[in-house]
Amino acid sequence: MQELPYKRTDRVGQQIREILGQIALKHIDLSHLGFITFTGVNVSPDLRSAKVFYSVLDPKYPKDELQAAMNKLRKAFRKYIGPELKRSEEHTSELQSHLN
């Protein structure tokens, strides 16, 4: 079996980061907090949890209040990210079956 140049957790983290950006554009307004960019996602080896990193330009609140506000939005992001990840997995499965 060929070894990939990157780990599965890295690929999943990249995918989650992209999905979070799309969710922020389409479903969850973050402009009241500042201009937020998701910069990275560290995924646990078992793929059960992830730590999301972000940066903020022109923050509207002090750092601790901003972090608290982002933590309050976790449920909202989870609501949208689950279906997006499943949709992504389906596309990957379809692509793999076409390649085989």
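## Close-up views of a predicted model

**View 1. Met70 and its contacts.** Leaving aside neighbours within four places in sequence, Met70 is in contact with Leu30, Leu33, Ile36, Phe38 and Tyr54. Contact means heavy atoms within 4.5 Å. This is a predicted model, in which local features need pLDDT of at least 70, side-chain atom pairs count only at pLDDT 80 or more, and totals for chains, interfaces and linings use all residues. Residues are numbered from 1 along each chain as its sequence is written, and side-chain values use heavy atoms, with hydrogens and water left out.

**View 2. The whole chain.** Three helices and two strands make up the secondary structure of the chain. From the N terminus on, the order is α-β-β-α-α. Helices (H or I, at least four residues) and strands (E, at least two) are DSSP runs, numbered from the N terminus. Of the 100 residues, 22% count as buried. Buried means under 20% relative accessible area, exposed over 50%, and partly exposed in between (1.4 Å probe, protein chains only). The accessible surface of the chain comes to about 8,000 Å². Carbon and sulfur atoms hold 52% of that surface. Areas come from the Shrake-Rupley method with a 1.4 Å probe; for residues, only the protein chains shown count as cover. Among contacts with a separation of 6 or more, 52% join residues 24 or more positions apart.

**View 3. The largest nonpolar core.** This core has 17 residues. Ile16, Leu20, Leu30, Leu33, Met70, Leu73 and Phe77 touch the most other members. At least two core residues come from each of α1 (8–26), β1, α2 and α3 (74–99). Helix α1 gives the most, with five residues. A nonpolar core is a set of buried Ala, Val, Leu, Ile, Met, Phe, Trp, Tyr and Cys residues joined through side-chain atoms within 4.5 Å. In soluble globular proteins, nonpolar side chains tend to be buried together.

**View 4. The second largest pocket.** About 280 Å³ of space lies in this pocket. Its lining has 14 residues, and Gly21, Ala24, Leu25, Ile36 and Thr37 lie nearest its centre. The elements that give two or more residues to the lining are α1 and β1. The largest share, six residues, comes from α1. A pocket is an open set of points on a 1 Å grid over the protein atoms alone, where a 1.4 Å probe fits, with protein on both sides within 12 Å along at least five of seven lines; lining residues have an atom within 4 Å of a point. Grid points are joined across faces, edges and corners, and the volume is the space filled by probe spheres set on the points.

**View 5. Thr9 and Ser44.** Thr9 sits in helix α1. Thr9 is buried, at 15% relative accessible area. Beyond neighbours within four places in sequence, Thr9 is in contact with Val43, Ser44, Pro45 and Leu47. Ser44 lies in the loop between β1 and β2. Ser44 is also buried, at 17%. Not counting residues up to four places away in sequence, Ser44 touches Thr9 and Ser49.

**View 6. Two residues with positive phi.** Most residues other than glycine have a negative phi. Leu47 is not a glycine, yet its phi is positive, about 65 degrees. Leu47 is found in the loop between β1 (35–43) and β2 (50–57). Leu47 is partly exposed, at 33% relative accessible area. Asp58, also not a glycine, has a positive phi of about 50 degrees. Its place is the loop between β2 and α2 (63–72). Asp58 counts as exposed, at 54% relative accessibility.
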